[in-house]
Amino acid sequence: MILSVHGINKSFDGKDILRDASFHVEKNEKVAVVGINGAGKTTLIKMIVGQLPPDDGEIIFSKDITWGYLAQNQNVDTDNTVYEELKEVKKDAIELEESIRQAEYDMKHLEGAELEALLDKYTRMNEQYQRMSGYAWQSEVNGVLKGLGFLEEEFDKKINTLSGGQKTRVALGKLLLQSPDLIILDEPTNHLDMNSIRWLENYLLNYKGAVIIVSHDRYFLDKIAEKVIEVENCKVSSFIGNYSDYAVKKEQLRIAMWNAYIKQQAEIKHQEEVIAKLKSFNREKSIKRAESREKMLDKIEVLDKPATIDDSMKISLKPVCESGNDVLSVEGLSKSFGDEKLFSDINFEIKKGEHVAIIGDNGTGKTTLLKIINGIEKMDDGKITLGVKVHIGYYDQEHHVLHDDKTLFEEISDAYPTLNNTEIRNTLAAFLFTGDDVFKRIKDLSGGEKGRVSLAKLMLSDANFLILDEPTNHLDITSKEILESAISGYEGTVLYVSHDRYFINKTANRILDLTRGQVVEYIGNYDYYLEHVEDRTKRLFGEDTTSGAAQAALQSGSYKYEGSKAQADTSADQPKSTGGAGDWKAQKEAQALKRKLEAALKKCEETIAKLEKREKEITEALSDPAVGTDLGKLRALTDEQTDIQEKLTSLYEEWEQLSENSD
């Protein structure tokens, strides 16, 4: 064990974030931390790395363990170039190499004892240099930079001229080169394209150390994680396996917890009914039995109602009208910005009902292509033709369709003035905006919240051709899964750009790979793309010109994703009936027994009611003075009353037993 987190509690302004959080990390273990936005994942990580103090509990690292941390955003400000910044990590190896070169020079001018001493030192330095893998430092730096998406011409860029995403990649590269015993990464894939993510996957898989990763990239977690730490409702739980394993186990656990809760609630209700019935008998013995049952009920440890995944974001995306079979035709499309050519003479068609994903390296023009189709950006050459009755609904990652100064309610009501207040609130509630949330201003929302508002507007439109630019950006896993379900079931046509491989795998039936200024088509999902990219690339571009996407895919191997199947059919691991004759007979016997018990219980209740009625009649008769003077009649009535009371006592016990067994 290299890290132990035990009994951690943390709250802000009286609101609990984590309660009694405990888990551990073993040597070389790859651990994923998952949970919805705001669950406390980053808070947990910040406490581990010492940026936040826990209110209670212990965080203990093993002795002499080294660790490194990459936050979501980096504010690196230096005059160093990209290459110089990463080279700093290898400073010890570089200085040792300089000492070795100096010793080689000095040995030419020494002799005798001085030469012997320097030779000994030279040998020790070389041994240390080998232990440090000093001979490989240049290739390591170059490999990490290229793996993280930096081109050689970018190596000499000054750090202070880089974007925030590029700075984060530089910080990630430095951390990887430091090779600590434990790497802690908070959303490391946010600023990486698909090729860089695949490279990072393989780097971490082969990393000789432990890794803790906070990420919403489920494909990434499926590939790397061997343990999942879930942060949910202030609690921390551990699951062995990757993300798909976790998803299946989580669903099974959720079902088991609900079943236990429902069963206990039914038992509590049943006992309350029995207690009420016993009290209604108004007999001393029955009242004592009722009191005894009440004491037992008070001792029951009542299960809390299980917290459900917030799946109220149920998106209904159904076209108001159907388009023709030909939805979009792109012919000879070309686009450049100055001397930078994005693509030229690209051609493809999209038919009704297709779900098409556009993938490619950063900077290849994916978003520009969508903007051209939507008329936001002008093309240099080519022709774009929309089919009959095609109505486009556009979702852009910058959310230009939103107005910063409007409230959520105004954003919807102004766009769709025919909707009444209830309809607007219901629409926003479907996207997790309830109560006073609807009066928040757009400018005050997070990226994920803006995404949900944009999707809400899209849902209300009459679109039958959805064009989406990075729709899963800033969404947590729960929201992604709900969006996936909506897109998968959408009867219209979808064209989208995404780097979320899990999302592509679940929603796309065709892929357009924008590479080298051309479009390469794959009829299938992301797994299909991985299986065929090597052969297709060689045939189209030649063996020596394999694309960046293909190279990364080849390095990562043909990873077979099975997460969607596992999640879609969680019943696969549930116990199933054998369907044999013995099973059928047992079911019939159980049903017959239940009917018999129910009939006996009904008969018992009817007999009790009949005897109680007769006893009441006797009590009334005994109060008649005329009966009191008739000793024969008095004795007969009192004997009958005694007999009824004995029978009722027996019947109450029988009813109690039958009531238990028939439940």
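## Overview

Two residues are in contact when heavy atoms of theirs lie within 4.5 Å. Among contacts in this protein between residues at least 6 apart in sequence, 69% join residues that are at least 24 apart. The model is predicted, so local features need pLDDT of at least 70 and side-chain atom pairs count only at pLDDT 80 or more, while totals for chains, interfaces and linings use all residues. Residues are numbered from 1 along each chain as its sequence is written, and side-chain values use heavy atoms, with hydrogens and water left out.

The protein has 22 helices and 18 strands. Of the 663 residues, 45% count as buried. Buried means under 20% relative accessible area, exposed means over 50%, and partly exposed is in between, with a 1.4 Å probe and protein chains only.

## Nonpolar cores

In soluble globular proteins, nonpolar side chains tend to be buried together. A nonpolar core is here a set of buried Ala, Val, Leu, Ile, Met, Phe, Trp, Tyr and Cys residues joined through side-chain atoms within 4.5 Å. The largest such core has 95 residues, and Leu204 and Ile504 have the most contacts inside it. A second, separate core has 26 residues, among them Val5, Ala21, Val25 and Ala39.

Apart from residues up to four places away in sequence, Ile504 touches Met194, Ala357, Ile359, Tyr496, Ser498, Ile511, Asn525 and Tyr526.

## Aromatic pairs

Rings of Phe, Tyr and Trp (its six-membered ring) pair if their centres lie within 6.5 Å; planes under 30 degrees apart count as stacked, over 60 as edge-to-face and the rest as tilted. By this rule there are 15 aromatic pairs. The rings of Phe409 and Phe439 have centres 6.4 Å apart and planes at 35°, so this pair is tilted. Phe409 belongs to helix 12 (residues 408-415) and Phe439 to the loop between helix 13 (421-430) and helix 14 (447-460), so the pair ties together parts that are 30 residues apart in sequence. Phe409 is buried at a relative accessible area of 16%, whereas Phe439 is partly exposed at 46%.

Tyr496 and Phe503 form an edge-to-face pair, with 5.1 Å from centre to centre and 65° between the planes. Both of these residues, Tyr496 and Phe503, are buried. Elsewhere, ring pairs link Tyr219, Tyr522, Tyr526 and Tyr529 into a cluster.

## Charges over rings

A charge sits over a ring if NZ of Lys or CZ of Arg is within 6 Å of the ring centre and within 35 degrees of the ring normal. The charged end of Arg452 sits over the ring of Phe433, 4.6 Å from its centre. Arg516 lies over the face of Phe541, at 4.4 Å from the ring centre.

## A helix pair

Two packed helices are described by the angle between their axes and the distance between the axes. Axes are lines fitted to C-alpha atoms, for helices over the stretch in contact, and angles run from 0 to 180 degrees between N-to-C directions. Helix 5 (residues 137-147) packs with helix 7 (residues 194-205) at an angle of about 135°, the axes being 9 Å apart. Helix 5 is therefore oblique to helix 7, since angles under 35 degrees count as roughly parallel, over 145 as roughly antiparallel, 65 to 115 as roughly perpendicular and the rest as oblique. Gly143, Val144 and Gly147 in helix 5 meet Ser196, Trp199 and Tyr203 in helix 7.

## Individual residues

Gly40 is in the loop between strand 3 (30-34) and helix 1 (41-48), and is buried at 7% relative accessible area. Its neighbours within four places in sequence aside, Gly40 is in contact with Ile17, Leu18 and Val231. The C-alpha atoms of Gly40 and Val231 are 6.7 Å apart, although the two residues are separated by 191 residues along the chain.

Most residues other than glycine have a negative phi. Asn233, however, has a positive phi near 50°, and Cys234 has a positive phi of about 75°. Asn233 lies in the loop between strand 8 (227-232) and strand 9 (235-240), and Cys234 is found in the loop between strand 8 and strand 9. Asn233 is partly exposed at 44% relative accessibility, whereas Cys234 is buried at 14%.

Note on methods:
Helix = DSSP H or I, 4+ residues; strand = E, 2+ residues; numbered from the N terminus.
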